[in-house]
Amino acid sequence: MTGDEIREAFLKFFAGKGHKVMPSASLIPSGDPTLLLTSAGMVPFKPYYLGEEIPPNRRLASCQKCFRTTDIEAVGDPHHLTFFEMLGNFSIGDYFKKEAISWAWEFVTRSLGIEPARLWITIFHDDEESFGYWREIGIPEDRIIRLGEKDNFWGPAGNSGPCGPCSEIHYDLGPEFGCRRPECAPGCDCGRFSEIWNLVFTQYNQDESGQRTLLPKPNIDTGMGLERTAAAMQGKSSVYETDLFLPLLDCISALAGKRYGADDETDNAMRIVAEHGRGITFLSADGVLPGNEGRGYVLRRLLRRAVLFSRRLAEGKSFLTEVAQTTIKEMGHVYPEIKQKEDFILRVIESEETRFSETLSIGLKLLDEIMEKARHRKLAQISGKEVFKLYDTYGFPVELTTEVVSRSGLSVDLAGFEKEMAGQRERARAAHKFEGKGEVRVGEQLDIKETDFVGYDNLKCQAKIINILVDGKSVTTVEAGQEASLVLDATPFYAEMGGQVGDTGEIIGKKGRFLVTNSIYGPQDVVLHQGKVTEGSLTTEDEIEAVVDCERRLDIARNHTATHLLHMALRQVLGEHVEQRGSLVAPERLRFDFSHLEALTREELNKVNHLVNDKIRRNLPVSGQPTTYQQAVAEGAIALFGEKYGDEVRVVKIGGKTAVSAELCGGTHVATTGEIGLFQITGEGSIGSGLRRIEAVTGRGAEEFIDAQTDSLHNIAESFKASPSEVQDKVSELAAELEKERRRALALERELSQRVVASLLGQVEVVNGVKVLAARVPSYRLETLRETSDQLREQLKSAVIVLGTIHNHKPMFLAAVTPDLADRGYHAGEIVNQVAGVTGGRGGGKARFAQAGGKHQDKLDEALRQVKNFIQGGG
């Protein structure tokens, strides 16, 4: 049977046993901070096991995409995987051990047709109940192996969650694959027995401290690895020899010009590229982007490890885009998201490949030199400082350095590396100090129900004050001038949530008035109306009128509806890979963060702007309707990245039945898009690797922005004594004149620099066998400085050159390192950064060329003197 046939047979079998077949969830766990990535089939169902949510059926089955980071370095051998597919059947308080065991045996022996003589069973050492059920269906006692907690007790996914004893079905590959000892059985690590199915009897919930308590009802969580099962069904000893991997290996083989199976080193590299290429495809499709922490770092490690081994297969080549395309071709019919996001996936790979390839060759040469020095000095390990330099300067993940080094019989000083990393983090903290945002202090648990929110349809309502908080403590009365937080039994005030700021307004009682300056959520989902008593006094149990600032609320609503239209427009213009990653909806502006690799072009920004305004002019209806999460997603509503949703959700649709936008959203909106008036993008930029931000204004804010732009244009026109329509021509004329003068000045500088070069050659010193020139030159602009360094490099052939000058009253530095010295580890970016630091500046660049700026011009000469010390220290 093929992998596809096994997957289909499994889901069909359990559908026939009354299970609801569920689609695979994302590799990014939804709303579970304890998990980095989805690592098991039960992860999406964890809330059902804990009783936090009601399952759509008490019997579920799925084929879940899974990723485990613990095996990254082990990938390359014939067995380990990071990404895999987990077939599973699940019972949420329905059937238990007897049915799970019986159906598992029925599926493997009848549906798959595996010979019973090939199968062995393991159970938890004191699980007599499971032992009895396996004996009932005819398993010989000597084929049921009892193992301890390490092997047959399934811990929670993450630090906490459901867990329990388990029973496993093992496939016997045959004595020729094992140690041939008479006592060899499942549990032996010789490789003869392959676990194909794990039946977890989930009886407990484990908390963060490790305490286990019985669940209200026992559950079943099983996991059958598709790849291992395919290997058993296809008579293969390795998952890489199955139909699930052969197309990838064939692709790599054709591109590398090497045959899989020819030699161990080649096979190892091909398996790494195939496996990581598959994992990269799925991680990228689910919204993970390369970065330096968390999931992004996992993806970066995979990408860079795969690039390294690609280049080992064929010098200078990487096959990751082709492997991704083959993965999409082979698996897109099962996981349509990888087909839909193919362009985005390939761009992620190409971008990271380019970024890493720029420094890979130099970094590998430097690592070879470091290892050679260590061997020459008879050292067993390379220092943490050297490993940190490779990580910080060349982008080598420490795990990759460790792997390369270990293949040469050396080790890495990981403690020293961590010390260097801690130092870097401390420097970063010192450089970026932020003030913490004020928090609401509630010194006691509020014995009240959540506030009844009536603000979707009403901007004022009659209500009762049921609690007053001053400095986090309940009081009965507040007087004029006092600041407090009021809790009402009902409110039209929207509390800050989902990026939308809280409402402001007024609370009016018979004896006093209260100015609401913010509305936020407190404990038990009560709305806290923060503000100040402006007149008289207010007391608990007072009947009041709560009135929202209507104009401000409408400005917020315009901006919130506009973010939905913006999201829609970005997905249309840039592609379906665009996902919202954050937002701010305020009365005066909106901010929208989204996943995308590149800066938007002016043409793309114009398209987005025009598309949003087109929908505004169409005056489309906007509605918010409550529904179930499952129903909303089934109908195509967008659930935002990283958000956790309950069973009941609110879907905001724009456009009626033929909606142009449908998103899960609890915010406030306009009734029709025409109320927005006008939308105008005011800025676009990067906020991190693979993340962009657009800022925009609507309605009154858009009018003010356009007025300011128009005023600026008129002021410029007056400066030129021209009309606004003539400004562009006038500016072009002025730019041409300035360019002419710039060229004239540059020609004079070049003439001067040629004379300076001759005098500089006499200042060259030799330090550690390296020619070093660190000199101050006349006040040059950067272009002339570069040309001067080029002339010096040409004359000196082999040298480290650092030139300093004063430009616009600030020090400026340029460093150049000839290729032979760059290959020896001298790095222009590091040198110039250290030099600029003396003047209170910073900079960087590549190994052969870099530049930097400073603050204190009086320290320029002192900075240049540091170059010699830097080279003496080994560069």
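**Notebook: a walk through the predicted chain**

I started with the inventory: the protein chain has 24 helices and 34 strands, where helices (H or I, at least four residues) and strands (E, at least two) are DSSP runs numbered from the N terminus. This is a predicted model, so I noted the limits: local features need pLDDT of at least 70, side-chain atom pairs count only at pLDDT 80 or more, and totals for chains, interfaces and linings use all residues. Residues are numbered from 1 along each chain as its sequence is written, and side-chain values use heavy atoms, with hydrogens and water left out.

**Overall**

I put the C-alpha atoms in a box along the principal axes and got roughly 95 × 90 × 50 Å. Of the 875 residues, 49% count as buried; buried means under 20% relative accessible area, exposed over 50%, partly exposed in between (1.4 Å probe, protein chains only). I also looked at contacts (heavy atoms within 4.5 Å). Among those with a separation of 6 or more, 68% come from residues 24 or more positions apart.

Next I went to strand β2, residues 59-67, where 8 of the 9 residues are buried. I counted two strands as paired if DSSP finds at least two bridges between them. β2 pairs with β1 (residues 20-22) in the parallel sense over 3 bridges, and lysine 20 has leucine 60 as its bridge partner in β2. With β3 (residues 83-91), β2 pairs in the antiparallel sense over 9 bridges; there phenylalanine 67 stands opposite phenylalanine 83.

Then I checked the loop between β2 and β3, where leucine 81 is found. Is leucine 81 buried or exposed? It is buried, at a relative accessible area of 10%. Not counting residues up to four places away in sequence, leucine 81 touches Asp71, Val75, Glu227, Val239, Tyr240, Phe245, Glu275 and Arg278. I also took a C-alpha distance from leucine 81 to isoleucine 349: 20 Å, for two residues 268 apart along the chain.

**α8**

I checked the length of helix α8 (residues 264-285). The expected span is 1.5 Å times one less than the number of residues. For the 22 residues of α8 that gives 32 Å, and the end C-alpha atoms are 32 Å apart, which agrees. 20 of its 22 residues are buried. At its start, a side-chain oxygen of aspartate 263 reaches to within 3.2 Å of the backbone nitrogen of glutamate 265. I counted that as a polar contact: a pair of N or O atoms within 3.5 Å; within protein, one must be able to donate a hydrogen and the other to accept it, and residues adjacent in sequence count only if both atoms are side-chain atoms. After α8 comes glycine 287, with a positive phi near 100°.

**α9 against α14**

I looked at the axes of α9 (residues 294-313) and α14 (residues 398-406): they come within 9 Å and cross at roughly 35°. Axes are lines fitted to C-alpha atoms, for helices over the stretch in contact, and angles run from 0 to 180 degrees between N-to-C directions. The contact uses Tyr297, Arg301, Arg304, Arg305, Leu308, Phe309 and Arg312 of α9, and Val398, Glu399, Leu400, Glu403 and Val404 of α14.

Aspartate 549 caps the N-terminal end, with a side-chain oxygen 3.3 Å from the backbone nitrogen of glutamate 551. Glycine 575 follows α16, its phi positive and near 130°.

Inside α16 (residues 550-574) I picked out asparagine 559, buried with a relative accessible area of 0%. What does its side chain reach at 2.7 Å? It reaches the backbone oxygen of alanine 586. Beyond four places in sequence, contacts of asparagine 559 include Val585, Ala586, Pro587, Leu590, Val697 and Thr698.

**The open sheet**

Last, I traced an open sheet of 4 strands, order β22-β23-β28-β27, antiparallel pairing. The edge strands are β22 (580-585) and β27 (679-688), each pairing on one side only. The twist averages 15° from one strand to the next. β23 (residues 590-595) and β28 (residues 691-698) share 6 antiparallel bridges, with serine 595 opposite leucine 691. Helix α19 (residues 699-719) packs on the sheet, touching β27 and β28, at about 90° to β28. Helix α17 (residues 602-617) also lies across β27 and β28, running at about 135° to β27.
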